[in-house]
Amino acid sequence: MMKNRSKKWMITVVVGMLLCLLVPGLGFAADTIKLGVAGAHSGDLASYGIPSVRAAQIVVDEINAKGGVLGKQVELLAEDDVCKPEVATNTATKLLSKKVDVVLGHICSGATKAALGIYKDSKIIVMSPSATNPDLTQSGEYPNFYRTIASDDAQAKLDVDFALNVLKLKKIAVIHDKGDYGKGFAEFAKKFLEESGKAEVVLYEGVTPGAVDYSAVVQKVKQNKAEAVIYGGYHPEASKIVTQMRKKRMKTIFISDDGVKDDTFIKVAGKYSEGVYASGPKDCSQNPLNIAAVKAHKDKYGEAHGAFYENAYTATLALLNAIQKAGSTDYDAVSKALKTEWVETPIGKIRFDDRGDAIGAGFSVYQVQNGKYIELK
Amino acid sequence: MDWNYFLELFLGGLTRGSIYALIALGYTMVYGIIELINFAHGEIYMIGAFTALIVATVLSMLGMNQFAILICAMVAAVVYSCAYGFTVEKLAYKPLRKAPRLSALISAIGMSLFLQNYVLLAQTSDFLPFPSLIPDFEFWEPYAHVISSQELVILMTSFVVMVLLTLLIKFTKIGKAMRATAQDKVMAALVGIDVNRVISVTFIVGSATAAIGGVLIASHIGQINFYIGFIAGIKAFVAAVLGGIGSIPGAVLGSFVLGWTESFFTGYISSDYEDVFAFMFLVFILIFRPAGILGRSETQKV
């Protein structure tokens, strides 16, 4: 009898101890809202990805200081995908295994597309500050996807209108880097040019990224007497092409996308970058929220913020705001909040349409003047 | 037929080819002597470009004249790359000289990755602007729309380097020793040639040409990053195989053929398939001449 009782007592103690161990564990897991940040944090295109991590960090620090979201602290989990689709799927899996609630990312369209399916299966909302491939929203395949940047066709439309109506060009060469992003942009540019009937596409070609030189393509542009090149792709190739054109004494106008609207382009192409046009997110530097966001970056990191910083800042705000309004991290509730609740952000007052594109965000054309991108009104 | 356009493409291909040739020479010389494909060779080219960038930045801060900067940067790049080439051989290939050839090949790939990541960590992953060290010549201005001053300098420098290399191999004592070692290592050692020294010299000479190529092309293109050696290295390797690996005139010819193929296909057909055409051409040549254009087909010694 005595023996039996002591055994029961022992079991109670052991179970009690186990429960004690378990409780803080559970408590900790439920205590934070986990925000994943995925994108290129190293490699060639790190200059597009790092600003989004910093933006998320700044927003999260601010919100946590004010007591967090739904009374919980927000935890940031950054994962690198180096902008490669094959790495991005691993990045997504890694974030899921860490039980993220929502994801800010990815940065490049190709990587985003590769990762989206994985998030979709686990019902995780993903918001990219920079992936502009039209299909991501327009195909309707990814209801879990949102973005705070306008898509490529919007950008191509703007660039083409600018070339036709402002610059009044008649002969245009369209060149791209064969990547998801560059080619998508170039295809739309070509389509809009042809539909307009105002200008002729004299050349439509892809170049190999990283090639030793582009003199043959440059000669071809000259041979076809193109007045301007519309280029879809990123800054490393753009600066090579512009430099080679200028060295060959060609005055051909160069118009490109927001992959080129990056200060690295000006730094690398130097004096040859003068006069280059590139479209990029609208300049909102007069918006008080934007001024605060830019200042926060300067104070924390001691340097100017890079590409897509405002979009990432906006995305972080939009995601956390939606969770707050939805009252939980439940997929359906947050989706509904994203689509119905307006939120004040550095790029203006936005909400999302049914496909996941931001209403209220847009592009403008910029030109390099005296070593700086200046917005053209 | 538009001859002016043809000429421009021809010269563009020639410039491209001469850059490939400067890198391909290193591949083919090393292969000729120790039958190793030195995959780290492209990285030596990249290190040359980085050294030149660092030296040029420091010197231009001191306000030296452009031509002096070019010479100093070039010399520094050559010295640095030679030191790397020499060390890579001593560390990664010499201990494996008696091992199966595959081991040395893996060691070469490892070295390539190591050097790439070393520069990535020690320098940066960003693209860096490379100053245009070669000035725009005024007397050349009327022709600049056909071929720029930079391309002209690249062509002439490569030509001089190739002539010097030929003289070195044909008429000097070390050149003779190199040819002897390439033919038969054991016999060369028996007649008193220091084979280890010959191999070191081969790596040094190969690295020097790669470094010159690195400085010239970086100055022409105006940007570098840690990854430039990989693509340039692969293309130069293809050129060396096309010409017949192990043969020095073959490497030069192969490089020009590859440069022209890319340039003309891009110019007359489409740059979408530039690489496809280049490699199709390689396959085509290798079907008819398995040892490359100028390569000797050796019967395996049993």
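Let us start at one residue of this predicted model. Ala358(A) has 25 C-beta neighbours inside 10 Å, so this residue counts as buried; the cut-off for that word is 20 or more. You will find Ala358(A) in strand β13 of chain A, which covers residues 358–359. Leaving aside residues up to four places away in sequence, Ala358(A) touches Arg147(A), Thr148(A), Ile350(A) and Phe352(A). Where the two domains of chain A meet, domain 1 gives eight residues to the contact and domain 2 gives seven residues. On the side of domain 1 of chain A that touches domain 2, two residues are nonpolar, four are polar and two are charged.

What does β1(A) pair with? One partner is β2(A), which runs parallel to β1(A) and is joined to it by eight bridges. To see this pairing on the model, find Ile33(A), whose bridge partner in β2(A) is Val74(A). Between these two strands the chain passes through helix α2 of chain A (residues 46–65), and this β-α-β crossover from β1(A) to β2(A) is right-handed. Another partner of β1(A) is β3(A), also in the parallel sense, with three bridges. Here Val37(A) is the residue to look for, as it stands opposite Leu104(A) in β3(A).

Now move along chain A to strand β8 (residues 228–232). Five of the five residues of β8(A) are buried, so this strand is largely enclosed by the rest of the structure.

The pairing of β8(A) can be traced in two directions. Strand β6 of chain A (residues 171–176) pairs with β8(A) in the parallel sense over five bridges, and strand β9 of chain A (residues 253–256) pairs with β8(A) in the parallel sense over four bridges. Tyr231(A) is a handy landmark for both pairings: this residue is the bridge partner of Ile175(A), and Tyr231(A) also stands opposite Ser256(A) in β9(A).

With the strands in view, let us turn to some backbone details in the loops. Most residues other than glycine have a negative phi, and most peptide bonds are trans. Cys83(A) is not a glycine, yet this residue has a positive phi of about 65°. Cys83(A) is found in the loop between β2 (73–80) and α3 (85–97) of chain A. Is Cys83(A) buried or exposed? With 27 other C-beta atoms within 10 Å, Cys83(A) is buried. Lys168(A), also not a glycine, has a positive phi of about 55°. This lysine lies in the loop between α6 (152–166) and β6 of chain A. Lys168(A) has 10 other C-beta atoms within 10 Å, so Lys168(A) is exposed. As for peptide bonds, the one from Gly105(A) to His106(A) is cis, with omega near -15°. His106(A) sits in the loop between β3 (102–104) and α4 (109–121) of chain A.

Finally, look at where the two chains A and B touch. This contact takes 33 residues from chain B and 30 residues from chain A. On the chain B side, the elements that give two or more residues are α1 (3–34), α8 (195–221), α9 (228–243), α10 (248–268) and α11 (274–288) of chain B. Which of these gives the largest share? That is α1(B), with seven residues. By class, the side of chain B that touches chain A has 10 nonpolar, 15 polar and eight charged residues.

Key:
Residues are numbered from 1 along each chain as its sequence is written. Chains are lettered from A and ligands numbered from 1 in the order in which they are written. This is a predicted model: local features need pLDDT of at least 70, side-chain atom pairs count only at pLDDT 80 or more; totals for chains, interfaces and linings use all residues. A residue is buried if 20 or more other C-beta atoms lie within 10 Å of its own, exposed if 12 or fewer, and partly exposed in between; C-beta atoms are placed from the backbone. Two strands pair if DSSP finds at least two bridges between them. Ala, Val, Leu, Ile, Met, Phe, Trp, Tyr, Cys and Pro count as nonpolar, Asp, Glu, Lys and Arg as charged, and the others, Gly among them, as polar. A crossover is right-handed if, with the strands pointing away from the viewer, the path from the first strand over the helix to the second runs clockwise.
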